[in-house]
Amino acid sequence: MEFSHRGLGISPKQRCGRHSAMRGLNDFLAECDQGPRINQLAGFFAATAAGKSGMPVRKPQADPRLLPNDELLRDLVRLHAARQGFFDQHYHGSIPYRLEEECRMAYAVLNYARRRGAALSLYSLGTAEGTMARTLSEFSDGQILSLSCSPNPENYKSFMAYGEPAHAEFFVGPFHRLTKDALGSDRRLTKFTGGFDVILEDTTFQMYSPNRPKQIEFVTQHLKHGGIFVFVEKFRAADESDYQRREYQKDYGFKARYFPPDEIAKKKTDVLGTMFNNEVTLAEMARSVGAHFRYCTMTWNSGNFCSLAASNSKENLDLYASQMSAPAIPHEYVYETSVSDAATIAITDNLI
């Protein structure tokens, strides 16, 4: 028996659109498969995640002088410190005051979940051993259900080093392989098929390509209606000399506390040049975010790194932002105070 497309209500134009969308998805997946993160940089990430290289001379610790004197936050910081793996130590020793910001962000997500009064689902993609996500799930006793992902089994080993958490899951694979089908086919992950309330992309996209429009489009399929998408990325500056000055400040004003000069120089040669090719400007990011979200706010800046939070629900975004204390970073590292208005999108441009 033959089926008529007309009888099924599918027009030739719709068929063409579906085929085009499928081709577009396949092209995007192929592009990600060629990304540096899982190709030329794979060795660096594997060795660092295993603690075989890239370890700081001392473990970074959050500076309590920069964070609010709050008992709940102090308890959260302590658990976060106890759950860190190898890659987190490298990461937090590399980006000025990123550890303090991660604790500040975790505290905001925790309070956001409590204010909402319902269980919250969090997807932390590409965030090494998923320390923040696991800490939040453990600390909230299940009010925050989390999923982390990484291509490195070494990161999964660190994730499991403290026992299997009751409310946190881990997907071993790159972000672009975590499809809806992948969620639905794994019994541990089926609880996330309805989407996530909060998604965190932490310096992940820049390790694959500069194709922010398609990257955001792909991951947004996992976000619930009214959900919040948080981006932590390193951005190109409008003036190349500004970018370089901020890099010098990062390397010699902060990173030198944790790594010897030869290791800083080696990473710059082996990793950062490749990463630079996949960075975008804030204006480019604003246009990419604006294609999917009505509201966006910058919540943090450290040299060339910024954190943005976007949503189609102003109420949810305002509630999340209102739970954030002042950025825990010395003023001399702060250069950006708003998302670029180069793109004509509805935007909240205050630094929280």
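The following conversation explains how several descriptions of this predicted model are reached.

Visitor: Why is Lys 255 called buried?

Guide: Buried means under 20% relative accessible area, exposed means over 50%, and partly exposed lies in between (1.4 Å probe, protein chains only). Lys 255 has a relative accessibility of 3%, and therefore counts as buried. Lys 255 is found in the loop between α10 (240–254) and α11 (261–276); helices (H or I, at least four residues) and strands (E, at least two) are DSSP runs, numbered from the N terminus.

Visitor: Which residues is Lys 255 in contact with, leaving aside its neighbours within four places in sequence?

Guide: They are Gly 93, Ser 94, Lys 250, Ile 264 and Lys 267, where contact means heavy atoms within 4.5 Å. Lys 255 also lies 7.3 Å from Pro 96, C-alpha to C-alpha, although 159 residues separate the two in sequence.

Visitor: What makes Gly 273 partly exposed?

Guide: The relative accessibility of Gly 273 is 36%, so this residue counts as partly exposed. Gly 273 belongs to helix α11.

Visitor: How do α10 and α11 pack?

Guide: Their angle is about 145 degrees and their axes are 13 Å apart; axes are lines fitted to C-alpha atoms, for helices over the stretch in contact, and angles run from 0 to 180 degrees between N-to-C directions. Glu 240, Tyr 243, Glu 247, Lys 250 and Asp 251 of α10 meet Ile 264, Lys 268, Leu 272 and Phe 276 of α11. By class, this contact of α10 with α11 has 4 nonpolar, no polar and 5 charged residues. Here Ala, Val, Leu, Ile, Met, Phe, Trp, Tyr, Cys and Pro count as nonpolar, Asp, Glu, Lys and Arg as charged, and the others, Gly among them, as polar.

Visitor: Why are α5 and α13 called oblique to each other?

Guide: Angles under 35 degrees count as roughly parallel, over 145 as roughly antiparallel, 65 to 115 as roughly perpendicular and the rest as oblique. Helix α5 (residues 98–116) packs with helix α13 (residues 314–322) at an angle of about 125 degrees, with their axes 8 Å apart. The two helices are therefore oblique to each other. The contact is formed by Met 105, Ala 108, Val 109, Tyr 112, Arg 115 and Arg 116 of α5 with Asn 316, Leu 319 and Tyr 320 of α13. These residues comprise 6 nonpolar, 1 polar and 2 charged.

Visitor: What makes α3 oblique to α6?

Guide: Helix α3 (residues 71–83) and α6 pack at an angle of about 125 degrees, with their axes 9 Å apart. That angle makes α3 oblique to α6. Among the residues in contact are Leu 72 and Asp 75 of α3 and Thr 131 and Met 132 of α6.

Visitor: Which residues have the most contacts inside the largest nonpolar core?

Guide: They are Tyr 123, Phe 175 and Tyr 320, in a core of 87 residues. A nonpolar core is a set of buried Ala, Val, Leu, Ile, Met, Phe, Trp, Tyr and Cys residues joined through side-chain atoms within 4.5 Å. The largest share of this core, 10 residues, comes from helix α5.

Visitor: How do you know whether Ala 128 and Asp 141 are buried or exposed?

Guide: Ala 128 has a relative accessible area of 7% and is therefore buried. Asp 141 is exposed, because its relative accessible area is 65%. Ala 128 lies in the loop between β1 (120–125) and α6 (131–139), and Asp 141 in the loop between α6 and β2 (144–150).

Notes:
Residues are numbered from 1 along each chain as its sequence is written. This is a predicted model: local features need pLDDT of at least 70, side-chain atom pairs count only at pLDDT 80 or more; totals for chains, interfaces and linings use all residues. Side-chain values use heavy atoms; hydrogens and water are left out.
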